[in-house]
Amino acid sequence: MQTLEAKTTPAFSQTDWQRGYESQRQELSYFVDQITGTVPPELTGTLFRNGPGLLDINGETIHHPFDGDGMVCAIAFQDGKVHFQNRFVRTEGYVKEQAAGKICYRGVFGTQKRGGWWANLFDLQLKNIANTNVIYWGNRLLALWEAGKPHRLDPHNLETIGIDDLDGILGKGDAFSAHPRIDPACVFDNGQPCLVNFSLSAGPVSTLHLYELDPQGQLLRRKSQPIPGFAFIHDFAITPHYYLFFQNPVSFNPLPFLFGQRGAAECVQFQPDQETKIIVIPRDPASTQPMKMLKAKAGFVFHHANAWEIDEQHLGIDSICYPSFPEVEPNSDFRDVDFTKVDPGQLWRFSLDLTTETATATMLESRCVEFPTLHPAYEGRPYRYAYCGTAQQSQGNAPLQALVKFDFEMGTKQFYSFAPQGFMTEPVFVPKPGATAEDAGWILMLVYDAARHGSDLVIVDAADIAAGPIASVHLKIHIPYGLHGNWTGEVFGE
Ligand code: CO
């Protein structure tokens, strides 16, 4: 098994890492001419990425990057050429705050208006910042944020068209989460792909709303499922016949939020002594099978790598689990985080028995990992390879500086590290045209290079990630550390 040797001690400088969180105010659109290596000429399509572009409003610092205004990047590839553009989503909040030159809204993660608790008292109006994911589906480019409706953008120039209710699929007050999954071959639709997504109405009894959309964006199936208790759910997983959710053991005390002292997410308290509930809901609209709730010791989960069916009564799911919920202190700056005091996210495998309604958990990787991805044809199916961002060091939490590929069949892993001055974001798997092997593809990711205060779009051959980049596309600007994005085979841009 290969190991990741430390290139420097420490693996990174906090100052380097912090600069990746400087606001990016420029909006550009150009063909990139600074490329190291060769972009594969058969790589054809567009990578869309989303994430917080502004970490301050006219100098007023926001409290948490999750509260930063969504900035979408589109990086298009054709015949070995690369076109880049980036643009802020013109949400109502972005337009208003840019005109006012100050923070006008409270953020879910603790950003407050000036004036202390009095100015924030009973102001429950949240800003839909459209910053978490972006996906092209049904001829629409949608910027997603889990507590609100999507914003639709023009895929050619990234101009904001407006809030989109998906042709009336979403009603008043409905949301559409930032973690849709694409079933590559849906058993209910003669094997055609479908987009599966959810939203959550949280309360003393919470409700999960499930949506399945065909490739034209039309509604195939919808379903609502009440679940007991408060829930805070960011991501989910699918198999051909099930939706899987982890209901993390958290409680919610809304008083500091109502009284203007804390953001809503800061009122979520992790209950480490309680178990996680694994919720399994049938997808088949004809199913009379009730929802099942299995208990497991899982810690806090943001992201799932994949789920699959072993047989009719047994499922598997791989998830990234934190021993505790990474809370943000109210009067602190997230840039000053002491990584040694934060628990790492670790990769766990859960085996679910639907007959006995029990779950067993095995840790697959103790090293800090995040942003798992896989070949899209294996979504919801048994799979051999997963790819994640990981820390340079093997223990504790730290910025993601390396790409790791897990081979679950062989029990091995491969690395490529950008340390000490490179900081990576979510890897995205793009299959090679005409190839069949599960790792025949490219990994695309944005890497912030602190040495030049700019970002690179890095392409790695998924079959041999240790060989390093086959191409690094050097952008003129830095892209603040982003969240999620998706690939489409269509080419957009000039
Ligand atoms: Co996420």
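Before we start, one cut-off: a residue counts as buried when its relative accessible area is under 20%, and as exposed when that value is over 50%. Keep in mind that this is a predicted model.

**Exercise 1.** Find the residues that coordinate the cobalt ion, and work out the geometry of the site.

*Solution.* 
- Step 1: The cobalt ion is held through the NE2 atoms of H179, H234, H303 and H484, at 2.0 to 2.1 Å.
- Step 2: Along the chain, these donors follow the spacing H-x54-H-x68-H-x180-H.
- Step 3: H179 sits in the loop between β11 (160-163) and β12 (181-183), while H303 belongs to strand β22 (residues 300-311), so this pair ties together parts that are 124 residues apart in sequence.
- Step 4: To count as tetrahedral, four donors need all angles between 85 and 135 degrees. Here the angles among the 4 donor atoms run from 91 to 153°, and the site is irregular.

**Exercise 2.** Describe the surroundings of N397.

*Solution.* 
- Step 1: With a relative accessible area of 12%, N397 is buried.
- Step 2: Leaving out residues up to four places away in sequence, N397 touches Y322, F339, V342, D343, P344 and C368.
- Step 3: Now zoom in on D343: its backbone oxygen is reached by the side chain of N397 at 2.9 Å.

Key: Residues numbered from 1 in each chain as written. Predicted model: local features only at pLDDT ≥ 70, side-chain atom pairs only at ≥ 80, totals over all residues. Heavy atoms only, no water. Buried < 20%, exposed > 50% of the residue type's maximum accessible area, 1.4 Å probe, protein only. Polar contact = N/O pair within 3.5 Å; in protein donor to acceptor, adjacent residues only side chain to side chain. Contact = heavy atoms within 4.5 Å. Donors = N, O, S within 2.8 Å, 3.2 Å for Na, K, Ca; no water. Tetrahedral: all angles 85-135°; square planar, octahedral: opposite > 155°, others 65-115°. Helix = DSSP H or I, 4+ residues; strand = E, 2+ residues; numbered from the N terminus.
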